[in-house]
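Subject: Handing over the model

Hi,

Here is the structure I promised to pass on to you. Could you have a look at it alongside my notes?

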Amino acid sequence: MIESTPENMQRVISAGIIIFRRTKEGIKFLILYHGRNYWNFPKGKLEAQEKSWQAAVREVFEETGLQQNELRFVRGFRTQERFVYNQGKQKIFKIVILYLAETRQSRVTIATNEHHEGYGWFTVSEAKRIMGRYPESLKILTRANEFLHKQGIRGRSRDPARRNTHVPRSGAPRRSPPSVSGSGQHPEQK
C-alpha cells in the first residue's frame, strides 16, 4: 500500500512475518537472502484494502511457499520498522509491520519471480552476524527473540554437531552464507 504523507513524501506500508522453528541448536529464524549481502525477513507491500496480517501471510506464501496452516502465530507480538529512503528524486517513508510465527517446516520454496537468491535458518547469534549492517533489523530480531524467551519458547535439546547452512533458491547443495560488509543502510535507503 502506498499513501502520501503531509510532508509531500510517499508512504509505503509493508508487512511480513518473523518465522522461527525449534531445533536442537535452539530457536532458528528464517531469513531470506536478497543478494549483495542483504538478508531480511519475508515481507512485502500491502495491496489495496488489505490488512497488515493478511499481507504478511500472502507475502510469506508468495516468497517461501509456507501456507497459513503451516504457521502458528505468537499472540501479542507485533512490531514495526520505520525509515526514509530515496527512490530517484522521491523521498519514501516506509513502515514495515512484522508479526512472529512458528513453523515446523525446515524447507521452503523460494519463488523464482521474487528477488531472492536463497534462504537460511539461523540462530539469533548467527542472524545478528549476517544482519549486522541493519541496526533496525537487529532491534526487531532481538525484540522477537526476547519475546520468545519471556513466553518460555525455546529450542529442543542442544546438539552442537549440527550446523546452520544457507540454501540457494534452486535447492542445490548447501553452502555457507556470504560474509557481511557494507554501509548499514537498507538497499532501499541507498
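My notes on the fold, the rings and the charged residues follow.

First, the ground rules. This is a predicted model, in which local features need pLDDT of at least 70 and side-chain atom pairs count only at pLDDT 80 or more, while totals for chains, interfaces and linings use all residues. Numbering starts from 1 along each chain as its sequence is written, and side-chain values use heavy atoms, with hydrogens and water left out.

**Overall fold**

The chain has three helices and nine strands. Helices here are DSSP runs of H or I with at least four residues, strands are runs of E with at least two, and both are numbered from the N terminus. Read from that end, the order is β-β-β-β-β-α-β-β-β-α-α-β. Of the 190 residues, 48% are buried; buried means under 20% relative accessible area, exposed over 50%, and partly exposed in between, with a 1.4 Å probe and protein chains only. Among contacts with a separation of 6 or more, 72% join residues 24 or more positions apart, a contact being heavy atoms within 4.5 Å. The chain exposes about 10,200 Å², and carbon and sulfur atoms supply 46% of that area. These areas come from the Shrake-Rupley method with a 1.4 Å probe, and for residues only the protein chains shown count as cover.

**Aromatic pairs**

Rings of Phe, Tyr and Trp (its six-membered ring) pair if their centres lie within 6.5 Å; planes under 30 degrees apart count as stacked, over 60 as edge-to-face and the rest as tilted. By this rule there are six aromatic pairs. One of them joins Tyr38 and Tyr134, whose ring centres are 5.1 Å apart with planes at 80°, so the pair is edge-to-face. It links distant parts of the chain, 96 residues apart: Tyr38 is in the loop between strand 3 and strand 4, and Tyr134 is in the loop between helix 2 (124–130) and helix 3 (135–150). Tyr38 counts as buried at 10% relative accessibility, and Tyr134 counts as buried at 1%.

Phe83 and Tyr85 form a tilted pair, because their ring centres are 6.0 Å apart and their planes meet at 45°. Phe83 is buried at 8% relative accessibility, as is Tyr85 at 7%. Ring pairs also link Tyr33, Trp39 and Phe122 into a cluster.

**Arg21**

Do take a look at Arg21, in strand 2 (residues 10–23). Arg21 is buried yet has no salt bridge, and the nearest side chain of opposite charge, Glu25, is 6.3 Å away. For charges, Lys and Arg count as positive and Asp and Glu as negative, while His and the chain ends are not counted. What Arg21 does have is a place over the face of Trp121, at 4.7 Å from the ring centre. That label requires NZ of Lys or CZ of Arg within 6 Å of the ring centre and within 35 degrees of the ring normal. Leaving aside residues up to four places away in sequence, Arg21 touches Gly26, Ile27, Lys28, Thr103, Gln105, Ser106 and Trp121.

**Salt bridges**

The structure holds eight salt bridges, each a side-chain nitrogen of Lys or Arg within 4 Å of a carboxyl oxygen of Asp or Glu. Arg22 and Glu102 meet in one of them at 2.7 Å, N to O. That pair links distant parts of the chain, from Arg22 in strand 2 to Glu102 in strand 7 (residues 90–102), 80 residues apart. Arg22 is partly exposed at 26% relative accessibility, whereas Glu102 is buried at 9%.

There is also a network of salt bridges linking Glu47, Glu50, Arg58, Glu59 and Glu62. Within it, Arg58 meets Glu50 at 2.8 Å, N to O, and both residues are buried. Arg58 also forms a salt bridge with Glu62, the closest N and O atoms being 3.3 Å apart. Glu62 and Arg58 are separated by about one helical turn, because they are four residues apart in helix 1. Glu62 is partly exposed, with a relative accessible area of 31%.

**Two loop residues with positive phi**

Arg36 has a positive phi of about 50° although it is not a glycine. Arg36 is in the loop between strand 3 (26–33) and strand 4 (39–40) and is exposed, at 70% relative accessible area. Gln49, also not a glycine, has a positive phi near 65°. Gln49 is in the loop between strand 5 (43–45) and helix 1 (52–64) and is exposed, at 75%.

Best wishes
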